[in-house]
Structures are given as C-alpha cells and as structure tokens.
Amino acid sequence: MASLVLKMSISLDGYVAPPDGSGGWKLAGRSDDARDWVVETVSNAGAHLVGAATYTEWAAYWPSASGPFAEPMNEIPKVVFSNSLRSADWGETTIAAGDLADAVTRLKQERSGGYLLAQGGARLARSLV
C-alpha cells in the first residue's frame, strides 16, 4: 500500500500565498540544498496528486520546461482531482472525480512503488467544487 505525502510550501510564519494564489515567493532565497531536497522528493513519487487549478498551471508549463524538475514532473503519473475537468492531455494524467477521501484510499491500495505526493495543499481540496 502506498503512503500519502503532502508537499506544501509554507513560510515559518504560516504564509502560504497571497489572495491571488501566486507562489513566486517560494523560490526567493531557496538554497541549493533545498532545491536538491525538492527534486529528490518529487522524483521519488509514484504519482503526483493535484487539484484542477494546479494541474492547469502545470500542464501549461512543464511539458516544454527544462531543468532538474522537468523530467520527474513530465514522466511520473499524475492524478488530478476535479468534478468539472473533462479532459487531461498532459502525459500520464488521469482524472479522479467524486469523494476525495474515497479516491485517495483507492489510489493508496492500488499503487505500489513510490509514495503518492499531494502537491498544492488547500487548492487540492478546493478543486473538487
């Protein structure tokens, strides 16, 4: 059974994102060690779990991106949680609709090799509306 890991960027004082949802602040001051840890964490996932808003941003960016994150972001399977998204064209992406807890439980039971890496935090939960 796969484990579920939440990867969410947050500052020491609890800051996640401004009202517009932008996240450029996360890269400011990132050390080489921090970058290497994130690349390793992303690379060892068995699947990326994201909400529709994160998926839409990533699907527009990652397919043509380069750098240390590009390969794991493009090659590792993705599961996008959405009750409104009808298609997902970015390689190895499936759409999971309905109850989030049921879908995650099913994914944990079905997957072996690597953990399920939920990325996006609160956006993931909001994507199910």
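**View 1. The two faces of helix α4.** The face of α4 turned away from its buried side carries Asp102 and Gln109, both exposed (over 50% relative accessible area, with buried meaning under 20% and partly exposed in between, for a 1.4 Å probe and protein chains only). The model is predicted, so that local features need pLDDT of at least 70 and side-chain atom pairs count only at pLDDT 80 or more, while totals for chains, interfaces and linings use all residues. Residues are numbered from 1 along each chain as its sequence is written, and side-chain values use heavy atoms, with hydrogens and water left out. Helix α4 spans residues 100-110, and its buried residues are Ala103, Val104 and Leu107; helices (H or I, at least four residues) and strands (E, at least two) are DSSP runs numbered from the N terminus.

**View 2. The start of helix α4.** Here a side-chain oxygen of Asp99 reaches to within 3.2 Å of the backbone nitrogen of Ala101.

**View 3. The largest nonpolar core.** A nonpolar core is a set of buried Ala, Val, Leu, Ile, Met, Phe, Trp, Tyr and Cys residues joined through side-chain atoms within 4.5 Å, and the largest one has 17 residues, with Tyr55, Trp58, Trp62, Phe69, Met73 and Trp90 making the most contacts inside it. At least two residues of this core come from each of α1 (32-43), β2 (45-51), α2 (52-61), α3 (70-75) and β5 (115-119), and the largest share, three residues, is that of α1. A second, separate core of eleven residues includes Ala2, Leu49, Val79 and Ala103.

**View 4. The surroundings of Thr93.** Thr93, in strand β4 (residues 93-96), counts as buried because its relative accessibility is 14%. Its side chain reaches the backbone oxygen of Trp90 at 2.6 Å. Leaving aside residues up to four places away in sequence, Thr93 touches Tyr55, Lys78, Val80 and Ala88, contact meaning heavy atoms within 4.5 Å.

**View 5. Val5 in strand β1.** Val5 belongs to β1 (residues 4-7) and is partly exposed, with a relative accessible area of 30%. Not counting residues up to four places away in sequence, Val5 touches Tyr115, Leu116, Leu117 and Ala118. The C-alpha atoms of Val5 and Ala45 are 9.0 Å apart in space, although these residues are 40 residues apart in sequence.

Technical notes: Polar contact = N/O pair within 3.5 Å; in protein donor to acceptor, adjacent residues only side chain to side chain.
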